[in-house]
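Hi,

Here is the structure I said I'd pass on.

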Amino acid sequence: MLLISCPWCGPRDETEFVYGEAAVERPADPASTTDAEWTDYLYFRDNPKGEHKELWFHRSGCHRWFVLERNTVTHAIAGAYPPKARPVTEDEA
Amino acid sequence: MSRRYSIWALARNALRHHEGWQKAWRSPEPKPAYDALIIGGGGHGLATAYYLAKLHGLHNIAVLERGWIGGGNTGRNTTIVRSNYLLDENALFYEHSLKLWEGLSEDLNYNVMFSQRKVINTCHTPAEREATVRRYNSMRLLGIDAEFLSREDLARIEPAMNLSPDSRFPILCALAQPRGGSARHDAVAWGYARAADALGVDIIQNCEVTGIDRDQATGAVIGVQTTRGQIEARKIGIAVAGHSSQVAAMAGVRLPIESHLLQAFVSEPVKPFLNTVVSTGAAHFYISQTNKGEVLLGGELDGYNSFSQRGTLPKVQDVVANATEMFPCIGRLRFMRQWAGVMDMTMDGSPIIGKLPVQGLYMSGGWCYGGFKATPGSGWCLAWTIAKDEPHKLNAGLSLERFRTGHMIDEKGAGPFPKAH
Amino acid sequence: MNRQVWRTEAGGSGIDRGEPRSFTFNQWRLEGYAGDTVASALMANGVRLVGRSFKYHRPRGVFGIGAEEPNALLQIGTGARREPNTRATVQELYQDLLAQTQNHWPSLQFDLGSLVNAAGALFPAGFYYKTFVTNPKRWLWYEKHIRRMAGLGPPPSEPDPDHYAHSNAHCDLLIAGAGPAGLAAALVAGNAGARVILADENPALGGQLLLAPQQVDGQPGQEWAAAAHARLAAMPNVRVLTRTTVSGVYEHGHFALVERCTDHLAEPAPHLPRQRFWTVRARDAVFATGAIERPIAFANNDRPGVLLLSAVRGYLERYGVLAGRTAVLFANNDSVYNTARELAAAGMRIEAVVDPRPFVSEAAAQAKADRLHVLSGHAVVGARGWRSVRAAEVAPIDANGKVKGVTSVLACDLIGVSGGWNPAVHLHAQSRGSLAFRVDLAAFVPQSAGAPYQSAGAAAGVYDLAGCLQQGYAAGAVATRALGFEQADEPLAPPVISDPVGNAPAFWGVQASRGARCFLDLQNDVTTKDVSLAHRENYVSVEHLKRYTTLGMGTDQGKTSNVAGLALMASKRRQPLPTVGTTTFRPPYTPFTFNAMAGGRWREVGHPVRRTAVHDWHAANGAVWTDAAGWARPMYYETEGQAPQQRIDEEVLAVRQTVGVVDVSTLGKLDIQGPDAPEFLDRVYVNRFSNLKVGRGRYGVMLREDGRVFDDGVTMRLGPDHFHMTTTTNHAGAVFQFLEYLLQVVWPELRVFVTPVTEQWFAAALSGPNARAMLADLAPEVDVSNEALPMMGMAEGIVGGVPARIFRLSFSGEIAYEINVDADYGLSLWNVILAAGVAHDLKVYGTEAMGTLRIEKGHFTHAEADGRVTLGDLGLDTMISPAKDCIGKRSLSLPDLVAPGRKQMVGLIAEEGSHIPVGAQLGLNDDLETPQESQGHVTSHAYSATLGRHIALALVRDGLARHGERLYAVSPVMGERAAVEVVAPCFYDPEGGRQRG
């Protein structure tokens, strides 16, 4: 049972979360990609044996996605943080 | 004295206190060069070497194994053999593999204990019944054995099964492949090793490949770097499921694969009471009983990329909870041993056997849950592909190229999520 | 009459002689005392033979005194509570306990299975690999007979009547094992204020203090332990768990513990759980799990009456039981000398102490001076006897362990053996700690550098009592300091009186004659010859050895056998033992009951049933259930005397002719708000939503990124920035998760909130020609005219006295309204609808009728959009807006997604009078036996009472171009077939006039 620190909720049991996928950047403009570039994004992965950046979803918690840096051999967790900070708009500021 | 195994050979050796047996395989020093190298001394790699030598006349070949042969997923699975697939590419490939299984003990002169005790899939909802019957009908159209089992049939075949309508997932019926079953996992590696060795194949254990050498001009492979020195070869087959990404990366090849952990465990041995291999989709797990009497259980992936070969608790608890619901009498048996294998999970859940985009480099990998039963077929197809430098029609569709064209062989329709298959 | 003839007159710190307990062993009624284990009670009664071995069915007796026991495995209990393979050495005695031996036929005394033993030469390691090399058909026949020999005890045949508990706990420090080191660590950490859990597998704390007479701080060891227990129990920050095994070490400080709560009770109170499964999250841990004594291999060392030396000693000290009358003790370490004195003092005749060491230790010299018969430089080379030891064969040996002189035979009925100890490093190794080999101990010990947790005491290779205590205190102090607790100086270890500590040099076994069998793994019958054979055949890696010979794969998990087997292999390979290595240590430390892990309540916890607001109404009205994404949904409503299909037909016809109502609460519902919500929906759905008018809805389809259809449903625009999305029941969770992924990861700049509200709403769909009139009755204040509430329109108002949202949309093809109310009002609304329906011939329908209605209309569900099909395959690619991008659109131009030969959705009509089989494939002929190329498959099928024909939707290769073709729906596994005609998917009102009317 991994102990995962949600950036919003703190340390929780693995069973509260669902693993999403490797943290891969989606092409900003899919239409302009070649088939090779698009299928690279869609299907091909580094699959490192060691440090891995991945996305988790706090399903039984705050419903937030976050990036987890986890070692795929030892499960040692190096960090957990929001995927991208949403830019604050003027009227919110 | 003949190396052949038989009850008579055993009796003769018994008179000599079993001191006359020879090595099942040699442990030679690696030669500086071979005609072909197979990276990975699991069942798949050893089978590849065996068929290369036996069917394609390549004898100057070596299998390079990082640790001990059969020590990867060959030795960490639930030993199920079946070919009950929906999609043609998979069904035809696995059926070919199953046919090889049926002749394997005699072919290798090594009892791999392939026991066709029947593989059963239970159905728990009308939708599941529809989908499962469809899959088994598809098998029949391809000439693969398949049968329908009513609840009455199930009560007769597996008396320990909970057929109560009050069960959390009541069983409506089941489909079965009578020729499916299980085999002795270690024996498959050892049997192929012994037979390949007899044909001149060098099996080199404790020899980790650390790099793949390529010709600077052509890009073709020319050999490998290992912990036991450099070895030259113009043809290199990779059969290292669980670590395919790492080895392919040595040649600069990226794969549509992630490594995930699959756990299994056994109970203490008791007298036989389970007669077949039962699997269920509603509460994903599979169960059988070994010839030692242990109840063998497996379930879903741990759910995230992992190379740890060490399971965590939640999935095991799920499997135990589901299994005791379906087979209530096992509740009082004891959990005895737990292990985990690192699975190559592809993006569509089907394997990759064929050429890689580097001249002279071939792979068999991406076996997801299905690697053990694929062993003979995988070796047979990879050997063909290496020998002819082109795939056999059985593995033509199971190419890496399909991830460029979008031709997904997706049994579950789960999409490009390795953990979902 | 007390038949406990092997019980001493006095002594036995663990038993209460005032509390006799009678029990049954096979057909015999025997007596023991409270505090006995089944093993000690059997031994007190002189019972030697307690089981048969796994392979050779050789007679076996009690060998050890705890969890390491390989031999004494009994069935305990009766009926549904009968439990096979229970260690007699662990099972505590209670009144009227029933113990039966196992793995023999016809009886324990006379077991035909032991014929295998007589022919043992024919059954070496790897026997099966070399024989029965045959085809699977013949192997199946052989195997049937071989399997009869498999297993130990018989399987339970009934469901377990007991219940189990789960507990979760957090602590600062988990201490596994409460021997001297564990107690010391707990005292220090407890005093410092740390939250401590101290777990020990035995009923009393003390570990080795209980099994040999020793003194700590001027008190007998067990009294010091009891006092320590009392002190710890008095600390509010310390939890002491007895009868609790720390079984597994998992990630991030997660531990699994199994507590046996009632296994020692004759009549446990019904409310008590039988066992409790603890999952503990600990900040730190100390493993003080002790050491396991190792045997020495000699010929026939498996005979009943050959015991571990510390067990012989422990049975006397703890239970007042003599393991024999006349003993030969065989040990390579000094613990044997005190033991010999104690046994002699208790009345046992010590025939000889056989010490294989080539020197005479101080303790040995002292023993000789005390007139013990010490044979230094000798070894026991064999045991005589069959169902019990009758004599020991003793011979002088040289420094290499080779027999160099004449063998003498010493009559005895007990051989106590000690080859030194192996630290119980299991938990350390499970936690990814590495092992170091200590030559002086000839044992693997935890490598402390880099280890996540400390090991202390014998588990760390410290065997003397003072050292154990000192190391325990130190470990507790180190841990509590590291955890940030104020730490007083660790106490000095109290003075002790204990055994002298001498080294136990490597001595694994003696050389035996060719025919003799020297056992390493008693349970699995693995002998030194098997190891030699494995070596000869090149199964030389430790894992090959284990797998080829089954060494260490029994229920005792090789606790007494593994290292000896590896040592023998190392010597065969002429390599040092650490080079050869060890096999992997995996959980659990000792086997435990599946149900402890699963528990009865797991069924609901693991797979909770989701119930809609009117679940109970459905149940009370004959609902036949199915499961959809965990929801219980009625398929149809049973009435007596009616066939299911007849009911379904009635439900369907009601919708087509009058009006029907169905509970659609399970459909996924997402509330989507924010200024960028219209843009967001445009990016998610293939079709456009930003141009949707407020108060109107639209049917949308979303794709996966790989271009396949993901989900579909109607989304209503409630306001400029506010949408109500519906998803399929199955994908509600996945769609929500995916939308959140897009908003948080891919497009965080979009200002949109998505809230899952499936459970907040109850929804009922009214469908049929009478639906409008009925709705008018239910909602008199709402204008339900076609103009005010057209198809894909919505209204808000009071329905049946409850505030509601009314969506006009249709899945059935009739005029239909989906009425959504707060889930708390669901039952109220439902009852109002049913009451109002009387006047309109309303019928409640279930998912089967709903499925039939949608098949008649040609609407796809997940049966068609099975994760492999595109919108084009469904004939719906015109839905895709060409003017904008959306998720998955890029994939649609990949070569395979536009290639010919894809399966496309069509309708099928069965020939008059025939029905379409379940799960049918489509072929060009109706031959069920000969393989043929599949043309596609039926995805959903139904009897259409509306049309009076069996109809289906199907995916057919190039199906859009095959309308009018005749195919055969074949189901070889069911032996069924039907001729079908390929048609357009919509069978009923293709223009859609009825639903718009």
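Chain C and chain A bury about 2,700 Å² between them, with 56% of that on carbon and sulfur atoms. Keep in mind that this is a predicted model. On the chain C side 30 residues take part in the contact, and on the chain A side 33 residues do. Three salt bridges turn up across the interface of chain C and chain A. Asp13(A) and Arg281(C) pair up through their side chains in a salt bridge, at 2.5 Å from N to O. On the side of chain C that touches chain A, helix 21 (residues 732-746) gives the most, namely seven residues.

Helix 21 comes up again if you look at helix 20 (residues 677-684) of chain C: helix 21 is included in what covers the buried residues there. The cover also includes strand 36 (668-673), strand 37 (697-703), strand 38 (709-719), strand 39 (722-727) and strand 40 (753-756) of chain C. Helix 20 is mostly covered, with six of its eight residues buried. Those are Ala677(C), Pro678(C), Phe680(C), Leu681(C), Asp682(C) and Val684(C).

Now for a few single residues. Where does Arg81(C) lie? You'll find Arg81(C) in the loop between strand 5 (73-76) and strand 6 (83-87) of chain C. Arg81(C) counts as partly exposed because its relative accessibility is 41%. Leaving out residues up to four places away in sequence, Arg81(C) touches Arg332(B), Ile76(C), Pro161(C) and Asp162(C). With Asp162(C), the side chain of Arg81(C) makes a polar contact of 2.7 Å. Glu158(C) is 77 residues from Arg81(C) along the chain, yet their C-alpha atoms are separated by 8.5 Å.

Thr560(C) is another loop residue, sitting between helix 13 (542-549) and helix 14 (562-573) of chain C. Its relative accessibility is 3%, so Thr560(C) counts as buried. Beyond its neighbours within four places in sequence, Thr560(C) is in contact with Phe63(C), Glu68(C), Pro70(C), Ile292(C), Glu293(C), Pro295(C) and Leu308(C).

Last, the surface. Trp105(C), Phe110(C), Leu112(C) and Leu115(C) form a nonpolar patch there, and together they have about 470 Å² of accessible area. Leu115(C) belongs to helix 2 (residues 115-118) of chain C, and Leu115(C) is exposed because its relative accessible area is 56%, where the cut-off for exposed is over 50%.

Cheers

Key
Residues numbered from 1 in each chain as written. Chains lettered and ligands numbered in written order. Predicted model: local features only at pLDDT ≥ 70, side-chain atom pairs only at ≥ 80, totals over all residues. Heavy atoms only, no water. Helix = DSSP H or I, 4+ residues; strand = E, 2+ residues; numbered from the N terminus. Buried < 20%, exposed > 50% of the residue type's maximum accessible area, 1.4 Å probe, protein only. Contact = heavy atoms within 4.5 Å. Patch = residues over 30% accessible without salt bridge, like charges linked within 9 Å, V, L, I, M, F, W, Y side chains within 5 Å. Areas by Shrake-Rupley, 256 points an atom, 1.4 Å probe, with all protein chains shown as cover. Salt bridge = Lys/Arg side-chain N within 4 Å of Asp/Glu carboxyl O. Buried area = accessible area lost by both parts, 1.4 Å probe. Polar contact = N/O pair within 3.5 Å; in protein donor to acceptor, adjacent residues only side chain to side chain.
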